[in-house]
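Visitor: Could you walk me through this one, helix by helix? I'd like the terms spelled out as we go.

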Amino acid sequence: MIGSSAEAWRLPPIASLLIAVLLIACAEVGGASMVQFKLELTRWARSVILARPAMHGLVGVRDVDEQVIDEALVKFDAGFRLFHLHAEGMGLVIIATTMTAATLARSATTRRALIALLTAGGAGYPFGYLLWSALIPYYGIQTGKTLAEWFVWIPFGGASIVGTWWLTALVGVRLVRGA
Amino acid sequence: MRRPPVIVLFVAVLVIALGESAGAVMSQLRPQVTRYAQSRVAANPQAHGLAGSAEYDTEVTGRAVFLAEAGLSFLHTHAQGLGPLVIFAGTIAASVVPWRPARGVLYALFTVGALFPLGYLAYSVAVLEQGREAGIEAAQRYVLTPLGSAAIIGLVALALLMVAARRGRSA
């Protein structure tokens, strides 16, 4: 006998699992696209940057402008890479943490709130990196970052952090009571 | 599927929470982290070999601050990866390994191994307090290697026990 039924996992809602799996799939597609379409994406970003010289502080001097464009393109590429990494990681984090919440949270309200925070926060957060990448050619590195922070990273990342610490406290209480 | 004991889940979820928070600190409090790291380097001039030459000291400080920030970054990435890994590996151990004492040893190894990412926090602190070389050496020897070894031994033992359980069932 390996264990009692009290030690069995309870599944989180299928919607949470589906979102986590889709997120991992998006990450993999993102990683593949980054490699496959690197040239096209770079060309597109470069053309958008060149069409908005004032936004990027381009001065018409090739040596200066190329440095600015290069930096923007490095960050543009970094946004894709960070999306790829975070989406793969957060997909697994969503599965692990919502399973734990579904199994150890006794109150239905707490369980639902925790699973909602962990799923929405974890799934939304990585898309901030995609948004940042998409905004860089139009608005520059810093403005793009600020927009991604306020619209995605802070709300979704905040939800994920609150959910994870809440879950930690809940599991800690179960541990102390069990002991 | 069976779940691992609550202590394993607690440590894994705690490490995930610390990893997420480290990411937020790196992003939102970067200037404060950098200033703190610079002040710690300045407070330990001998450990860092500061010479009193502004140009040289700035370069040395910059390298130490970079390593301290890299430690935070490694804490973030490793915690996000190792937390779920310990939950999933613990689930496999709980569901597949039929021997209670063996499961207990695996849970202990996974619980200790789950703390591996915190070794990078120790790495950051050690680099700032003891200097670059001595700090890295101390963090690797006393924190990262023991904790990482626990995780590796746990995973290898799990694989061996899975094979043994399978052979036991088919015999």
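Guide: Let me start with a term: two residues are in contact if their C-beta atoms, placed from the backbone, lie within 7 Å. Helices are DSSP runs (H or I, at least four residues), numbered from the N terminus. This is a predicted model, in which local features need pLDDT of at least 70 and side-chain atom pairs count only at pLDDT 80 or more, while totals for chains, interfaces and linings use all residues. Residues are numbered from 1 along each chain as its sequence is written, and chains are lettered from A in the order in which they are written.

Visitor: Which residues of α4(A) and α7(A) meet?

Guide: From α4(A) come A:A72, A:K75, A:T97, A:T100, A:A101 and A:L104, and they meet A:I141, A:T164, A:L167, A:L170, A:V171 and A:R174 of α7(A). By class this contact has seven nonpolar, three polar and two charged residues, where Ala, Val, Leu, Ile, Met, Phe, Trp, Tyr, Cys and Pro count as nonpolar, Asp, Glu, Lys and Arg as charged, and the others, Gly among them, as polar.

Visitor: And how do α4(A) and α7(A) cross?

Guide: Their axes, which are lines fitted to C-alpha atoms over the stretch in contact, with angles from 0 to 180 degrees between N-to-C directions, come within 12 Å and cross at roughly 20°. α4(A) and α7(A) are therefore roughly parallel, a label for angles under 35 degrees, just as angles over 145 count as roughly antiparallel.

Visitor: What about α4(A) and α6(A), parallel or antiparallel?

Guide: The axes of α4(A) and α6(A) come within 8 Å and cross at roughly 165°, so this pair is roughly antiparallel. Among the residues making the contact are A:F76, A:F80 and A:F83 of α4(A) and A:Y129, A:W132 and A:I136 of α6(A). The contact as a whole divides into ten nonpolar, three polar and one charged.

Visitor: Switching topic, what does α5(A) pack against?

Guide: Its buried residues pack against α1, α4, α6 and α7 of chain A. They include A:R111, A:L114 and A:L118, and buried here requires 20 or more other C-beta atoms within 10 Å of the residue's own, whereas exposed is 12 or fewer and partly exposed lies in between.

Visitor: Where does B:L160 lie, and is it buried or exposed?

Guide: B:L160 lies in helix α7 (residues 132-170) of chain B, and B:L160 is exposed, with 11 other C-beta atoms within 10 Å.

Visitor: Last one: how many residues of chain A are in contact with chain B?

Guide: 24 residues of chain A are in contact with 24 residues of chain B, and α7(A) gives the most to chain A's side, with twelve residues.

Definitions and conventions: Helices (H or I, at least four residues) and strands (E, at least two) are DSSP runs, numbered from the N terminus. Angles under 35 degrees count as roughly parallel, over 145 as roughly antiparallel, 65 to 115 as roughly perpendicular and the rest as oblique.
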